[in-house]
Amino acid sequence: MALTLFARRPEPVEAPAPEPWPEIGETWKPEGVTIAQRYYNQAHAVILVYTTDDGPHGTYYSVACLGCHYATAKDGKRTYSTLYDLADAATVANEHATTCRALPRDIPARPDDDTVREQLHAWVRRSRRRNEDTQVWVSDLDLLRLTLQRTNDWIVAVLNQLVVDEPEILRVERSQYSDYVSYYARRLPEN
């Protein structure tokens with residue numbers, strides 16, 4: 001009988017459902033973003049620590065306040081490794097939470113595909129310079145992800161379509177050694 005007690009395995013347990021935010025009564029999980037931590041500011045607005053992708057050199061995090069318009073993804077005080085790891089992002093979020101008094105705003109509505117596509121096209125056009133092609137990174141959009149609410153794959157598909165539709169605006173370079181793809185906003189034409 002003693003052996004049968006050790007042979008039994010507990011029934012698998014489903015992950016608990018996400019708890020709704022008390023101030024709004026619902027749970028918000030924007031598409032394309034993994035929320036790692038939430039903090040409350042002094043007026044109970046939520047500060048999010050989130051990531052958009054596991055990059056080739058590790059996972060990096062961004063911080064955004066849903067009360068004021070504070071958002072950061074880089075530490076301007078450092079010269080090396082300026083992107084936040086989870087501990088640094090948590091520290092920044094906590095520091096912001098202790099000083100911010102902004103009231104909670106409504107959760108951003110998910111925009112339709114055409115609106116996001118136009119925002120991405122405008123972002124690429126703003127990246128263009130007069131003297132050279134400028135590399136654009138999907139990770140440069142991390143601070144906009146809470147308003148874009150799209151996955152990396154969706155964004156890359158839009159960029160690839162822009163390369164086909166408007167090759168004078170955006171070009172792509174594929175690495176000969178790996179599957180890595182780089183996007184470059186083309187140089188502005190000279191008048």
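Predicted model: local features only at pLDDT ≥ 70, side-chain atom pairs only at ≥ 80, totals over all residues.
Residues are numbered from 1 along each chain as its sequence is written, and side-chain values use heavy atoms, with hydrogens and water left out.

A search of the whole structure turns up zero disulfides. C65 is in none either, its nearest cysteine sulfur being that of C68, 3.7 Å away. C65 is buried, at 3% relative accessible area, and C100 is buried too, at 6% (buried means under 20% relative accessible area, exposed over 50%, partly exposed in between, with a 1.4 Å probe and protein chains only).

Next comes the sheet. Three strands form an open sheet in the order β7-β9-β8, with antiparallel pairing. β7 (134-136) and β8 (170-174) each have a single partner strand, so one side of each lacks a neighbour in the sheet. Strands are DSSP runs of E, at least two residues, and helices are runs of H or I, at least four, numbered from the N terminus; two strands pair if DSSP finds at least two bridges between them. Three bridges link β7 with β9 (residues 181-185), and T134 has A185 as its bridge partner in β9.

Helix α3 (residues 113-127) packs on this sheet, touching β7, β8 and β9 (contact means heavy atoms within 4.5 Å).

Key. Axes fitted to C-alpha atoms, helices over the stretch in contact; angles between N-to-C directions. Disulfide = S-S within 2.5 Å.
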